[in-house]
Amino acid sequence: MSQTLIRRLVNQAYSRNIFIYNQSLLSSNEPILPSYIGLRNTSFFNKLPAEDIWRGVTAVSNAGKKRGRGKGSGKKVAKDLNKGQSIGFGKCGRIWPGLNSPIIRGNELISQQKLNENLDRENGILKLRDSMGSFKLMKLNPIDRGWSGSKMPGRSIGPPDPVGDEEFVSFDTRVLENKIVFIMKGNMGRKRRYSVLSVTGNGNGLAGFATAKAPEVRTALRKSKNRAGQKLINISLCENRTIFHDFRTDFGKTKIFCFQKPDGYGLVCHRAIQTICKVIGIKDLYAKIEGSTNIQNIAKAFFIGLMTQRSYQHIANETNSNIVQQQNTRNRFIDVKGMPCLNSTPTHNTQEIDYMHFTLGNQIVLQRKATVPFYVYSKGHDLHQFKKERFRNQANVRLHKLVTVYD
């Protein structure tokens, strides 16, 4: 090996700090034995990107995730400090041909130019950084919101998927429950899944509900929606707006008392029952829940009660009595709702049956007594009652006189 080649290799090694050599050895004929210095130009910090390094510091281990830790760590997003900034634009802006502007514009050669000072640019960038730090919830249309903001319970997920050529026209599906459940596996340990309870209906007495589980939320929602469309139940409605009669239903530790209400009353009941009624087509109902308020028990109990209700004609045939309704809103007008079928040997039944007690299975609903106001037994209230005595029943008397005029 020539001295020139050796000298060139040694200079390159020396410039790269690979080994230390003695200058006197170059002129001798002895072989050069370099002494290496252990250097490592790569490390953990320059091998991985910044996101992976920060994730290793701030993230939760796999064991911690299984125990439910670190649920809010995903909401923390790093700020992009380069957002809103570009080359050549700042406090003292400048045009740089080839960087922030073209070199030639038409037939003109562009040269470096100084731009006017923009004093509000820094304030705008600071406001933009502050807005990036705050976590914003997903905005929804007020009509599309559920029971509590953007949570899934109460929200609409559309009609079920068509089965072959059959499509679910005018159907709407609402989520009643969306929760996380765990199951222990022998080889996988604790397995996490999503459980979704949904109800679907066309608003005209046809509805169904189902529960589905899946590892992903979207999959569970789709499975529950399609399964509910395959389990439709035909529910008879009175006047296409309410139930036929008051009834009591239960499932597990949940008891529900449902009462028929006049037109315009609305839905005064639990929010799960409200959602089911809107999907079925019930507009006027009062329901009271006693015991457990488990969503699945409420849905099952309410559907059992709707399926066990009887029509006016069925009750008239069963009791062999006429079913009449006295409407106070129409000046106690008596409306015949059902008449028994003609039998060969008719029976004369003069017994008056309480319709409410019959439909509730001869059970009485205990009503809480109204509390008497504190001023009832005072001297001022007695004086008010004495003055009001002259006008007592005046409205009914006037109405009665107007009716008797045309007799």
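**Entry 1: ground rules**

Helices (H or I, at least four residues) and strands (E, at least two) are DSSP runs, numbered from the N terminus. I am working on a predicted model, in which local features need pLDDT of at least 70 and side-chain atom pairs count only at pLDDT 80 or more, while totals for chains, interfaces and linings use all residues. Residues are numbered from 1 along each chain as its sequence is written, and side-chain values use heavy atoms, with hydrogens and water left out.

**Entry 2: positive phi at two asparagines**

I went to Asn240 in the loop between strand E10 (233-234) and E11. Asn240 has a positive phi of about 60°, although it is not a glycine. Is Asn240 buried or exposed? For the terms, I take buried as under 20% relative accessible area, exposed as over 50%, and partly exposed as in between (1.4 Å probe, protein chains only). Asn240 has a relative accessible area of 52%, so I noted it as exposed.

Then I looked up Asn393, in the loop between helix H11 (379-388) and helix H12 (394-405). Its phi is also positive, near 65°, in a residue other than glycine. Asn393 comes out as partly exposed because its relative accessible area is 43%.

**Entry 3: the chain as a whole**

I counted up the secondary structure and got 12 helices and 16 strands. Of the 407 residues in the protein chain, 26% are buried. I also checked contacts (heavy atoms within 4.5 Å). Among those with a separation of 6 or more, 49% join residues 24 or more positions apart.

**Entry 4: the largest nonpolar core**

A nonpolar core here is a set of buried Ala, Val, Leu, Ile, Met, Phe, Trp, Tyr and Cys residues joined through side-chain atoms within 4.5 Å. Which residues have the most contacts inside the largest one? I found Ile256, Ile273, Ile280, Ile282, Leu285 and Phe302, in a core of 30 residues. At least two residues come from each of strand E8 (189-201), strand E9 (206-214), strand E12 (254-260), helix H7 (271-280), strand E14 (285-291) and helix H8 (295-308). H8 gives the most, with 7 residues. Another core, of 8 residues, lies apart from this one and includes Met152, Ile157, Val175 and Ala214.

I then listed the contacts of Ile256, leaving aside its neighbours within four places in sequence: Phe247, Arg248, Thr249, Ile273, Ala287, Lys288, Ile289, Ile298, Ala301 and Phe302.

**Entry 5: Thr249 and its sheet**

Thr249 was on that list, so I followed it up. Thr249 is found in strand E11 (residues 247-251), and I have it as buried because its relative accessible area is 4%. What lies 2.7 Å from a polar atom of its side chain? That is the backbone oxygen of Ala301, a polar contact by the rule I use (a pair of N or O atoms within 3.5 Å; within protein, one must be able to donate a hydrogen and the other to accept it, and residues adjacent in sequence count only if both atoms are side-chain atoms). With neighbours within four places in sequence left aside, Thr249 is in contact with residues including Thr254, Ile256, Phe302, Ile304 and Gly305.

Next I traced the sheet around E11, where two strands pair if DSSP finds at least two bridges between them. Four strands form an open sheet in the order E11-E12-E14-E13, with mixed pairing. E11 and strand E13 (267-268) stand at the edges with a single partner strand each, so one side of each has no neighbour in the sheet. H7 packs on the sheet and touches E12, E13 and E14; its direction makes about 140° with that of E14, on axes that are lines fitted to C-alpha atoms (for helices over the stretch in contact), with angles from 0 to 180 degrees between N-to-C directions. E11 and E12 run antiparallel and are joined by 5 bridges, and Phe251 stands opposite Thr254 in E12.

**Entry 6: two hairpins**

I moved on to strand E7 (residues 172-185), which pairs with E8 in the antiparallel sense over 13 bridges. Ile180 stands opposite Tyr194 in E8, and the hairpin of E7 and E8 has 3 residues between the strands.

E8 also pairs with E9, again in the antiparallel sense, over 8 bridges. Ser195 has Lys213 as its bridge partner in E9. This hairpin has 4 residues between the strands, and Gly203 takes a positive phi near 75° there.
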